[in-house]
Every structure is written in C-alpha cells, then in structure tokens.
Protein chains: 2
Amino acid sequence: MDRSAEFKRWKAQCQSKADFSRKGSVDEDVVDIVQLLNGREQYFTTSSCAGRIILLDGNINGFEVQKQNCCWLLVTHKPCVKDDVIVALKKANGDAVLKFEPLILHVQCRQLQDAQILHSVAIDSGFRNSGITVGKRGKIMLAIRSTHGLEVPLSHKGKLMVTEEYIDFLLKIANQKMEENKKRIERFYNCLQHALEKETITNSHPKGKIKDKNYSSCTHKKKRNPEAYGKCITEENDKELENDDDPGISVSFFPEDY
Amino acid sequence: MDRSAEFKRWKAQCQSKADFSRKGSVDEDVVDIVQLLNGREQYFTTSSCAGRIILLDGNINGFEVQKQNCCWLLVTHKPCVKDDVIVALKKANGDAVLKFEPLILHVQCRQLQDAQILHSVAIDSGFRNSGITVGKRGKIMLAIRSTHGLEVPLSHKGKLMVTEEYIDFLLKIANQKMEENKKRIERFYNCLQHALEKETITNSHPKGKIKDKNYSSCTHKKKRNPEAYGKCITEENDKELENDDDPGISVSFFPEDY
C-alpha cells in the first residue's frame, strides 16, 4: 500500500472510533482547530485537551505517586475560583497538587512536509514545546505543546500547607495563564487558516510565487506578543541557542524563545 | 554541497564557537552525554541544561512578566535547602516564582533516521516531551525534554505569600524531582550507548539481524520504572492516546505515557 493510501486508512480507522476520553467530547475551545485539521486530507487529530486547571490528590509513598492511586479532585476548562478549590481540597488525604496544563494536541500528518507546516504555525503561535515524532512504521505525528504551565503542591498527607489567601493569589495566576492559552489557541487557528490557504494557493500555482501578506503579518504579530508570566525561564538556554544555527523555523523567533 | 558535507560544516561551525551561556560551561551531569553525542559524526549538541532549581523575580504588570525585567535570584544544579531560598527571597521585590526545570538538550542530527534513534532513546528514558524539528533549510534538530517540572509562585509585589514550612516542603519535592531527573539522565546515557553500539553493529553487518539483548532490556527497564511525583497528569490525554494508533516509538510505552 502506498503511503497516501495507508494514511487514508489510518485516518478512517481513527475517526470511526468512539471518543474514549473521560469527558467523551472535544473541548469547546479547540473544536474549530480540530475540525479545520480533520477537514484536510493531510491531517487528523488523535487527541486534544484545550487546557485545564486540575487538582490531583496523590497517595504519597516517599514522594512517589502511584499512578493508579492518583485521584482527580477537580478538573475545569474554565476559570476557577478559590471556593471551588477549597471545597475540592477537603477530599484530599494525600498530597494535593494544583496544575495548569495548557493546550495539548496530537496531529497525525501524511508527510513530513505537512508536519513542518503545522509545526511552524504552532511555534509562531507560542506553542514552543511542539515537536514531531516519526515512528518506526513511518507514522508522522506532531505534538503541539506549550511551555506555559503551573504545578503547585498544596497539601501534604491531607494537611493544607498554604493559606486561603495564597490559593486565591494562585488562582488569579492560573486563570490568567488560561486566558493567555486561549489567546494562543485563537492565534493558532488564525495562523493555521492562513497557512492552509497559502499552501492551497501554492499547490494550485506551483510555479507562481504568491506572497501571502496575511500569513506574513500573522507570523509577525506573534513575535511581538508579550510573553506571559514566567516565560523568561529559558533565558539561559536561549542565550546558547541564539548563538547556534537555528533550524530555520521562524528564523527570527525560534532562537530567541524556543 | 551534499547534505553530509553541509552537516559537517554546521558541526564544525558550532563547535568552534565559545560557550555563550551564563555559566560558560556544560553542566556536570550532562557532560558524558554531550561528549558521547559530539564524538559521533551524525550528531552535535547545540545547547544543554542538566536540570536546575531557579528562583526568579518578575516585575509584574498585570501578571505579565516583561522578559527584560526578569531577575534571577537563585540558580542551582544541586539540591537546595530552605535557607538558600529564604535568603534569596529577601531580594525579591516583584513576584518571585520557584521552578524546577528538568534536563533540556538540543541535538542537531545529520539525517531524520539519526533523530529517530535518539528520539526513541529519549522517550524510553522518560523524556516524553521530546520532539524533532525540521527546519526550512533541512536542519534536523531533536529537543530532549521532560514533563517533569514544578512552577510555584512564592511572593507578590515583594510580599512572601507562603510560610517557611511550605518552602521546606516544596524544596523536598524539588530536590526529589532533581534526583529523579538525574536517574533519567543516567538511564538516557546507558540507553544511548546501547543504541549507538547497536547501530554501529547493524551498519557493519547490514544484512545480519543482530538481536541486542542489552538494548532490549534497557528499554524494558524504563517501562517498569515507577513514575515520579505528579506524573499522572496526562492520564486523560493518555486515555485518548491509548485508543489511537501510536506512532510506533516504544509501542507499549508511548501511548500510555506520552
């Protein structure tokens, strides 16, 4: 079977399956992106989470969480208030941890070139921990990830280790990160549309050089966007990367912020 | 210039440069890996950080840190005690955040196949956020990253928001994560050695099927290793991924923990 036919088969197989996630459906904030990608013959999504605030209770044994014993006290894809967390924390008897997890999206791609286009869009939209996986059987997957997280231990053996005031402070930060994540998702959707349009035009006029002003300005906008809270962490790595030959994705952007 | 010659040129160019990182040298814990990779013609490292605990002070303006105003109060690649942080926090006048950042390593690879081998080793060793970047000019880069972080806001406008007892508790977790990170680095080094040996043998006996028991057991060991604190976060995504066709890297491992 040629690669294109094999990809079609994989896509059909994936799309015929039920959604086995706990929620059972695609998160609202990411539906447009998922539909846009799945509507293109060269892509299909295999998993997605738009971003969420979660509170976990880990059964601690020498600080090691046993995965099977980990309990979800709270999961929300919307901004969260202190009382929600305080109520959920009452059920904690291990080590509760509050996390903000940004968008994660796995997209299988027909060819490496398709993954490159999508990867470039992801990086330009602020999802700088994105990367391609090439499997042994030739499956090409792009994981779209952000650096933009939060992970805060709150209780130890059921005992709260912070004040309510701190939880309130923390949730302001978590909600702000969720807001920034949402902006990046919108940016990603817009850039993706432009990139796919551009590709369609290029493919139908393979010899013509068509300059896509929208896409250029889209990329440009991303570079200017101020970094969200805590983004300066990679400065030391950045400094090293600034002096490397970068791999050519968004040349003026990647070495600075990757 | 053919690809191989171009890669050689890139490598020579990169290695002739001074180390522009703040520290000015490769972190001790990652020296062996860096040397092993740079000693192979198909790889060279472009940046590395073995893992660190950092305390940042962000000048906050509506919860947005301006990168240029971000100040490093403390950076250590070794376990850290409460008093180090307490002393460093006295200098904070913005919003201080404590982070644990695991290993990050960027490796440029000659061919996609070389990146695939290294990616597989990284995933098997627990660095599940690793991914390949293919640049427009054909540069192939693998970023080796872990999911294994910590990011905890500690003060707001210079005012400490947590107790000393909490900082002590937090540092136990950060130090434990650093220890786990170190184990993964060792595992990565061992797996890498096996993978490179296996590749050398395969290349010198291209038609012989040589089963490398060491490498198999190395991969196997990784799967059994208990997940560190907080690793259960991706469970919901995992559930979705478990039902996907995985991209073939470490088939029994990737869909469960990616």
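This is a predicted model: local features need pLDDT of at least 70, side-chain atom pairs count only at pLDDT 80 or more; totals for chains, interfaces and linings use all residues.
1. Overall make-up of chain A. The secondary structure of chain A consists of eight helices and twelve strands. Of the 258 residues in this chain, 60% are buried. The accessible surface of chain A amounts to about 10,800 Å², and carbon and sulfur atoms contribute 50% of that area.

2. Contacts along chain A. Consider the contacts in chain A whose partners have a separation of 6 or more. Residues 24 or more positions apart account for 71% of these contacts.

3. Ile132(A), a buried residue. Ile132(A) lies in strand 8 of chain A, which covers residues 131–134. Its relative accessibility is 0%, so Ile132(A) counts as buried, the limit being under 20%. Leaving aside neighbours within four places in sequence, Ile132(A) is in contact with residues of chain A, including Leu112(A), Ala115(A), Ile140(A) and Leu142(A). Its contacts also include His119(B), Gly131(B), Ile132(B) and Val134(B) of chain B. The C-alpha atom of Ile132(A) is separated by 9.6 Å from that of Cys109(A), a residue 23 positions away along the chain.

4. Lys159(A), a partly exposed residue. Strand 12 of chain A, residues 159–160, contains Lys159(A). With a relative accessible area of 44%, Lys159(A) is partly exposed. Once neighbours within four places in sequence are left aside, Lys159(A) is in contact with Leu154(A) and Glu165(B). Leu89(A) is 70 residues from Lys159(A) along the chain, and their C-alpha atoms are separated by 9.4 Å.

5. Helix packing in chain B: geometry. Two packed helices are described by the angle between their axes and by the distance between those axes. For helix 2 (residues 31–38) and helix 5 (residues 164–204) of chain B, the angle is about 20 degrees and the axes are 10 Å apart. Angles under 35 degrees count as roughly parallel, and these two helices of chain B are therefore roughly parallel to each other. Helix 2 of chain B passes helix 5 of chain B in a left-handed crossing.

6. Helix packing in chain B: the residues involved. Helix 2 of chain B contributes Asp32(B), Ile33(B), Leu36(B) and Leu37(B) to the contact. From helix 5 of chain B come Ile185(B), Phe188(B), Tyr189(B), Leu192(B), Gln193(B) and Leu196(B). The residues of this contact between helix 2 and helix 5 of chain B divide into eight nonpolar, one polar and one charged.

Methods: Residues are numbered from 1 along each chain as its sequence is written. Chains are lettered from A and ligands numbered from 1 in the order in which they are written. Side-chain values use heavy atoms; hydrogens and water are left out. Axes are lines fitted to C-alpha atoms, for helices over the stretch in contact, and angles run from 0 to 180 degrees between N-to-C directions. Helices (H or I, at least four residues) and strands (E, at least two) are DSSP runs, numbered from the N terminus. Angles under 35 degrees count as roughly parallel, over 145 as roughly antiparallel, 65 to 115 as roughly perpendicular and the rest as oblique. A crossing is left-handed if the near helix is turned anticlockwise from the far one by less than a right angle, and right-handed if clockwise. Contact means heavy atoms within 4.5 Å. Ala, Val, Leu, Ile, Met, Phe, Trp, Tyr, Cys and Pro count as nonpolar, Asp, Glu, Lys and Arg as charged, and the others, Gly among them, as polar. Buried means under 20% relative accessible area, exposed over 50%, partly exposed in between (1.4 Å probe, protein chains only). Accessible areas come from the Shrake-Rupley method with a 1.4 Å probe; for residues, only the protein chains shown count as cover.
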